[in-house]
Amino acid sequence: MMRLAAGGLIDRSRSVRFAFDGRVYTGHPGDTLASALLANGVRLLGRSFKYHRPRGIMTAGPEDPCALVELRTGARREPNTPATAVELFDGLEAQSQNRFPSLRFDLMAANGWLAPLLAAGFYYKTFMWPAGWWERVYEPLIRRAAGLGRASGLPDPDTYDRAHLFCDVLIIGAGPAGLAAALAAGRSGARVVLCEADARLGGRLLAETCEIDGQPGAAWATSTEATLRAFPELRVLTRTTVFGAYDHGTYAAVERLADHQPFPDAHQPRERVWRIVAKRTVLAAGAVERLVAFPGNDRPGVMLAGAVRCYLNRYAVAPGQTAVVATGGAEGWRTVEALAARGIRVAAVVDRRAEVPPAQAALAQRIGARLFAGARIGATRGATNLRTVIVEGATGGAQRLTADLLAVAGGWNPQVQLACHLGGRPVWDETRAAFLPPTTPPPGMEVAGAAAGRFGLGESLRDGTRAGSDAAVAAGFATTAPEPPSAPDDDTPATPIWLMPGRKAFVDLQHDVTMDDIALAHREGFRAVEHFKRYTTHGMATDQGKTGGVLGMAAMAALTGRSMAETGTTLHRPPSTPVAIGALAGRHRGKDFRPTRLTPGHAWAAEQGASFVESGVWLRAQWFPRAGETEWQQSVDREVLAVRNGVGVSDVSTLGKIELAGPDGGAFLDFLYINMLSTLPVGRVRYGAMLREDGFVLDDGTVARLEAERWVITTTTANAARVLAHMEFAHQVLRPNLRVAFVSVTDRWAQYAVAGKRAREVIQAVLEHAIPDAAFPAMACGTFGSARLFRISFSGELAYEIAVPAREGDALVRRIVAAGAVPYGLEALGVLRIEKGHPAGGELNGQTTARDLGLGRLLSARKDFIGRAMALRPALLDPARPTLVGLRPADRRTRLRAGAHLLPRDAPARIEHDQGWITSAAFSPTLGHPIALALLTNGPARHGERLRAHDPVRDGETEVDVVEPCFVDPEGLRLRG
Amino acid sequence: MADCTARWIAPITAVSLAAWPGEAPALAARLRARFALDLAAPGRWTQADGLVCVWLAPDHWQIERVGRHDLLPALVAAAAEHGAAIDVSDARAVLRLSGPGSRDLLARLLPLDLHPRAFAPHHAASTVAAHIGVQVRQIDARPTYDLACLRSYAESLGRAVDHRGGLALGWE
């Protein structure tokens with residue numbers, strides 16, 4: 001066991017059982033999966049992405065590139081989770097990744113021998129021939145061999161939440177700088193939100209032995225948390241990672257509500273994505289440790305020096321029994337001290353400096369560690385675990401040292417990602433040996449503490465205090481900065497980047513990118529950061545190169561002889577950390593992907609057993625099957641014939657209805673529609689069409705004049721919102737002085753079409769009012785009690801549309817049916833309109849003009865209207881444009897399908913012979929054969945011609961006859977009853 | 001005892017009221033004289049004697065009364081030559097959320113700052129909830145909020161509120 005006898009921020013009074021690769025272990029609350037595995041002596045966690053090399057635990061934070069496991073089982077299995085970021089819970093199950101047949105003996109490790117073939121860009125070069133093999137052979141093979149964990153492949157059983165949060169000051173990170181900022185901002189009374197990715201506040205204070213205001217750092221963090229939580233307007237969000245910065249002070253964060261439990265509680269979302277809008281932001285995200293590049297730097301047992309201190313101090317775990325520490329400065333010597341203080345043998349300290357300060361040399365002597373000054377790591381050895389470290393001295397000789405822990409101090413990278421999300425580029429600082437936040441962070445953001453390269457504890461606390469106070473003042477709160485918490489200024493000199501070339505010196509551990517790959521990219525000309533990143537996939541794994549990214553840039557800088565500042569870094573984009581897609585989707589999954597609109601008669605239609613179809617967000621009755629009907633076509637044919645031979649009722653509540661009022665209503669309608677509407681008398685309805693500004697048809701519908709200064713217009717269901725927006729634009733921008741008001745009344749009215757030769761008797765029964773043809777002729781409208789009645793027809797039959805206030809809709813449709821009308825659905829409605837040749841969705845496709853649709857006669861020459869000028873463009877007047885025609889199959893039997901293209905009978909099926917396409921097709925029970933509407937070049941002149949309808953997608957080939965688009969009652973006799 | 005209670009308020013009589021360009025002061029004066037009701041300022045709602053006025057857009061308000069009434073003729077007369085009135089009764093469903101948990105619930109639904117410093121009784125806003133256009137009003141400081149959506153969306157809005165409320169929500 002590697003658990004230390006005392007210390008740590010774990011709860012030793014309780015034990016937690018967990019399993020890794022099927023074996024059961026125990027840990028304590030407060031552990032991560034990584035610390036608990038280390039405590040149990042488990043150091044091999046998985047196999048690497050490309051070479052299947054053994055990998056262990058490199059860091060103590062969520063940025064770990066190696067310690068990736070599959071967490072949980074069944075539908076909750078989640079791949080590529082860093083064990084370093086998983087809070088231990090009772091019953092946790094984890095598996096190692098990318099190994100076959102077992103973690104310890106992995107056959108794919110042979111890939112390591114093939115490394116020369118698998119270098120950067122290998123898949124562009126190696127698997128070129130034969131060409132056909134890429135999709136069938138190479139890609140599946142590579143995909144099987146590479147990659148990391150497996151997704152569950154099952155629907156996610158958990159729910160996710162999204163929420164909105166507004167504040168004066170957002171503080172990102174609750175390390176020393178963040179806590180100091182929160183204290184300063186919170187006391188001003190400002191609304192403060194403090195986000196911390198960890199379950200505990202404190203950041204590095206939890207990992208180091210330090211003192212603030214005379215208290216141990218971790219204890220100070222605890223007492224500060226109590227102070228902060230007492231501020232009424234300060235909100236602390238733990239387990240919350242801010243992953244994106246957006247415009248206008250908006251940030252996105254993910255809160256892990258239940259990831260520290262086996263599964264969420266009842267009604268508890270697993271994760272919640274917060275949209276946080278902040279007046280000011282303090283970015284105090286700290287810094288993450290950098291890797292050091294040397295041959296074999298990936299072997300389990302190699303760990304970053306700061307992570308070693310974290311395991312010792314926070315988790316009371318010894319990451320090894322015999323340690324070698326490699327450092328270029330004071331950072332590694334702090335780890336030497338920490339190891340010695342915990343009684344762990346330090347065999348040697350490898351310091352790249354030729355001159356080691358006397359105090360540090362004396363420390364090595366005191367604890368009995370050999371000191372190699374001016375030395376480097378030549379290699380590491382060990383099958384699945386570090387056994388030997390080979391040290392190359394300043395004079396060239398190599399020493400083999402036995403050790404199971406190699407702590408490497410590579411320096412720190414400020415966490416600047418969020419400061420760069422709006423396009424800022426980090427700035428290289430030579431004295432701090434780090435990329436610092438851009439000079440132009442997102443507006444309202446200030447970066448404080450280690451995230452700004454101020455690594456010293458005292459410095460960080462002062463910086464946080466000032467930033468927190470400034471933010472509160474900038475957000476409008478009168479406050480002065482409090483005395484910053486006091487801590488010594490351990491002015492540790494910066495640790496420069498350390499590259500020791502050689503075979504298998506990794507700069508990206510998650511994507512298996514080595515310094516050799518960077519050199520190859522350099523040789524092949526991929527030298528700019530954005531180029532070599534993509535060529536080598538360096539920094540493109542889920543860890544986004546947080547530990548190794550800068551090393552690759554340094555390697556390229558060295559190869560090109562450019563400075564780090566000249567080399568630069570790649571652009572940071574959100575999310576800065578992986579976020580579950582489910583969390584981004586929130587509640588909007590499955591049936592809740594979009595809301596559903598229901599008509600007032602929905603419950604009635606459902607009672608009738610209607611089959612429903614989505615029509616935009618509306619749910620509409622498609623047909624009403626009756627006993628004995630086994631195919632939808634039977635129901636639809638029956639419904640169509642009921643309308644043609646008797647009377648039917650259909651719910652048309654979804655049609656857009658817009659009511660207009662005002663003395664200039666007529667002038668406004670003339671401006672909107674292609675035809676004259678100001679002349680429409682009270683009590684009459686007129687058909688009309690609107691164009692877009694570009695001269696193409698926007699929508700069609702009816703206009704009814706109810707009173708001298710009151711109209712109601714209808715739109716198609718699909719275009720209701722678009723037409724209203726078009727009208728708002730026309731009124732607010734183009735004709736602001738017209739005295740007209742309009743509002744959507746779609747939801748106010750339940751509206752039903754009653755159609756068929758017996759329609760009048762049904763309406764008279766429902767209204768209990770006589771409506772003789774003379775008093776209420778075709779295209780009449782009027783009000784009867786609470787009902788509005790329109791004599792308009794979409795089916796070509798004698799028809800009325802009756803509208804009542806929505807709450808009366810259900811009762812009305814029941815009365816209409818009781819009076820003898822047969823319910824018909826959207827399909828029958830479609831067949832009826834195709835039989836009459838009325839354009840709808842397939843024809844109102846945004847590419848057709850009024851002339852194309854046979855509505856040219858409506859275009860008024862006596863007034864201006866929207867789209868008039870553009871509709872006169874020569875190309876739009878070309879008679880060769882595809883124009884509306886009717887089609888029927890030459891054999892009167894073969895089904896026609898929308899989408900089929902029209903070709904001359906003898907022409908080969910090539911694009912140059914294409915003459916149009918079928919827009920709508922149906923079987924006409926009235927005629928007893930299939931019919932279709934089509935857009936055909938020079939259409940009206942070609943009635944009587946025979947063409948081919950060519951449908952290569954569905955293997956269809958039919959001869960069709962071109963006819964008038966109106967198939968039933970072209971004289972319109974039925975309409976007049 | 002739930003932290004938040006929810007119930008549908010119905011029916012609502014509602015009339016959309018618009019003023020012609022430059023006529024809002026005259027319309028306001030007539031409305032005040034006739035109903036003692038003030039035209040609401042942007043982002044606010046007012047009430048007098050059971051009548052409610054909500055600001056919707058520049059020169060555009062909605063006048064409401066709970067229950068079934070014939071409000072239109074009186075408002076057409078009040079608007080006279082200064083504006084127009086259109087009956088929109090039945091067009092909207094109104095969901096009332098009340099109780100200490102309602103602010104938290106709405107934080108999961110609305111992209112609006114409902115903190116007492118930002119949104120108080122007699123404030124109103126048009127926004128979106130779960131892809132549904134809603135008009136939000138704060139009624140009192142318990143706090144109580146009314147969410148009005150188009151009637152056809154009522155079931156979806158109820159479902160969205162129910163999902164987000166979980167165990168803390170009680171339907172009345």
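**An exposed loop residue in chain A**

Ala770(A) is exposed, as 9 other C-beta atoms lie within 10 Å; by the cut-offs used, a residue is exposed with 12 or fewer such neighbours, buried with 20 or more, and partly exposed in between, the C-beta atoms being placed from the backbone. Ala770(A) belongs to the loop that joins helix 20 (759-767) to strand 40 (781-784) of chain A. Its C-alpha lies 8.9 Å from that of Arg760(A), and the two are ten residues apart in sequence.

**Basis of the description**

This is a predicted model, in which local features need pLDDT of at least 70 and side-chain atom pairs count only at pLDDT 80 or more, while totals for chains, interfaces and linings use all residues. Residues are numbered from 1 along each chain as its sequence is written, and chains are lettered from A and ligands numbered from 1 in the order in which they are written. Helices (H or I, at least four residues) and strands (E, at least two) are DSSP runs, numbered from the N terminus.

**Helix 13 of chain A**

Helix 13 of chain A comprises twelve residues, 549-560. From first to last C-alpha it reaches 17 Å, close to the expected 16 Å, where the expectation is 1.5 Å times one less than the number of residues.

Nine of the twelve residues of helix 13 of chain A are buried, so the helix is mostly covered. Among the buried residues are Gly549(A), Leu551(A), Met553(A) and Met556(A). After the helix comes Gly561(A), with a positive phi near 70 degrees.

**Packing of helices 17 and 22 of chain A**

Helix 17 (residues 632-645) and helix 22 (residues 826-836) of chain A pack at about 55 degrees, their axes 9 Å apart. Axes are lines fitted to C-alpha atoms over the stretch in contact, and angles run from 0 to 180 degrees between N-to-C directions. Helix 17 of chain A is therefore oblique to helix 22 of chain A, a class left over once angles under 35 degrees (roughly parallel), over 145 (roughly antiparallel) and 65 to 115 (roughly perpendicular) are set aside.

Val636(A), Glu639(A), Val640(A) and Val643(A) of helix 17 meet Glu827(A), Ala828(A), Val831(A) and Leu832(A) of helix 22. The residues of this contact divide into six nonpolar, no polar and two charged; Ala, Val, Leu, Ile, Met, Phe, Trp, Tyr, Cys and Pro count as nonpolar, Asp, Glu, Lys and Arg as charged, and the others, Gly among them, as polar.

**Contact between chains A and B**

The contact takes 30 residues from chain A and 32 residues from chain B, with contact meaning C-beta atoms within 7 Å. On chain B, strand 2 (12-19), strand 6 (83-87) and helix 4 (154-165) each supply at least two residues of the side that touches chain A. Helix 4 of chain B gives the largest share, four residues.

Terms used: Contact = placed C-beta atoms within 7 Å.
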